[in-house]
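Good morning, colleagues. Please bring up the sequence and the structure, and I shall go through them in turn.

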Amino acid sequence: MWRLVGSRQSILEDPKVKKSLPRYVGVVKGELRPKFVIAKNMVVDFDSDTSTEDLWNIHRLVLDEYNEKERRLDGLEAKLPDIGGANSFLDLKLELGRRVMTSCHLCTRRCSVDRLSGERGYCRCGDEFSVSSCFPHLGEEPELVPSGTIFTCGCTIRCLHCQNWGISQWRESGTPTKPGRVARIVESLKSQGCRNVNMVGGDPTPNCWLWLRTMKDVSVDIATVWNSNSYYSQETAELLASFIDLYLLDFKYGNDGCAETISDAPGYFEACTRNHLTADRHGEVVIRVLVLPGHNECCTGPILEWIEENLGPWTRVNLMFQYRPEWRARERQELGRRLTREEIVGALEMAERAGLKNLVR
Ligand code: SF4
């Protein structure tokens, strides 16, 4: 078991971490309830005959109530009600997620395939997890580790330089795993001292419904982390609201041209910015900005400015310099090398000029 001692423990007391992620810190310390636990204990009146449009309307109304309920629970010796066999807010999300799967629009690509009838779209994901590996990850941001990371196969975009391409592009097929089994893995990771369950891929988006099912079956309190490329649909963003405690979001490109040519991700900037705003409204955010060679002016600078202007100077940002050419990166001339020292210094100066005050160190 990992023991939270020394620098690992003290990072939760770091003023910058507490300022940006106060609720996440409270959940990790066992002082506050994870959002999925609150959602599981809120009664919602609906049935399976209700139209999808009406279900979404109910979902939006309950989301407002949820925020009030969370505020009340955060201020009290929280005692959650026993809702017996009634439908919960999490059950409502499950029903909506199931319907989205029948004409899949979990991500911006909106393939409209019926994944519950065996069809597969661009990401090639099916109706159960394909788990690549799961373990207490020590290489994530310091406030996350040890992080109970579950890697799954499949991704909604194709970055030429993908460092996890063996998983994202199905070079390996993973182990087919049902949500009930993943729930036991989550509980085991918690018992090993992990601070959170880190839902990652590839990308976790194709498994959004499976994650909802998993956490319904999890019987321990644990912070939920959504570790994504930010290319998910508005519907998925709504399903994640009041389910995810900490959004660990990539902000990959400052414009659609770069997103389309490097990652085959049309409409990335609109989806990414919308999802960052929604995540910030309903949870707490750590943003990863991987600096790409030759992309400081078109991407790094505009991204950092957008973050400061829209999410504020104290947004926690991990400006990452570890780029190395992987997979098909050499198909584009500028991606075939590591960063120069000038590019690293230039990106740091851009962050300072943008006014960002909370970079992950
Ligand atoms: S999650 Fe997969 S199947 Fe669904 S819309 Fe996205 S790429 Fe298509």
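Predicted model: local features only at pLDDT ≥ 70, side-chain atom pairs only at ≥ 80, totals over all residues.

Next, the chain as a whole. Its secondary structure comes to 14 helices and eight strands. For 361 residues, a compact globule would have a radius of gyration near 21 Å, and the chain agrees with that at 20 Å. The C-alpha trace spans about 60 × 45 × 40 Å along its principal axes. Of the 361 residues, 44% count as buried. If we take the contacts between residues at least 6 apart in sequence, 75% of them join residues at least 24 apart.

I turn now to strand 2, residues 147-152. How many of its six residues are buried? The count is six of six. Both faces are covered: Ser147, Thr149 and Phe151 are buried on one side, and Gly148, Ile150 and Thr152 on the other. Strand 2 pairs with strand 1, residues 129-137, in the antiparallel sense over six bridges. With strand 4, residues 196-200, the pairing of strand 2 is parallel and runs over four bridges. Gly148 takes part in both pairings, for its bridge partners include Pro136 and, in strand 4, Val197.

As a reminder, most peptide bonds are trans. The bond from Val145 to Pro146, however, is cis, with omega near -5°, and Pro146 is placed in the loop between strand 1 and strand 2. Gly201 and Gly202 are likewise joined by a cis peptide bond, with omega about 10°. Gly202 is in the loop between strand 4 and helix 9.

There are also two backbone angles to mention. Most residues other than glycine have a negative phi. Ser230, in the loop between strand 5 and helix 10, has a positive phi of about 75°. Trp327 also has a positive phi, near 45°, and lies in the loop between strand 8 and helix 14. Is each of these residues buried or partly exposed? Ser230 is buried, because 29 other C-beta atoms lie within 10 Å. Trp327 has 18 such atoms within 10 Å, so it counts as partly exposed.

I close with two individual positions. Asp221 lies in the loop between helix 9 and strand 5, and counts as partly exposed because it has 14 C-beta neighbours inside 10 Å. Its contacts beyond four places in sequence are Gly30, Arg33, Pro34 and Val37. Asp221 and Val27 are 194 residues apart in sequence, with their C-alpha atoms 8.1 Å apart in space. Gly346, in helix 14, is partly exposed, with 16 other C-beta atoms within 10 Å. Gly346 and Arg184 are 162 residues apart in sequence and 45 Å apart in space, C-alpha to C-alpha.

Key: Residues numbered from 1 in each chain as written. Helix = DSSP H or I, 4+ residues; strand = E, 2+ residues; numbered from the N terminus. Buried ≥ 20, exposed ≤ 12 C-beta atoms within 10 Å, placed from the backbone. Contact = placed C-beta atoms within 7 Å. Pairing = 2+ DSSP bridges. Rg over C-alpha atoms; globule rule 2.2 N^0.38 Å.
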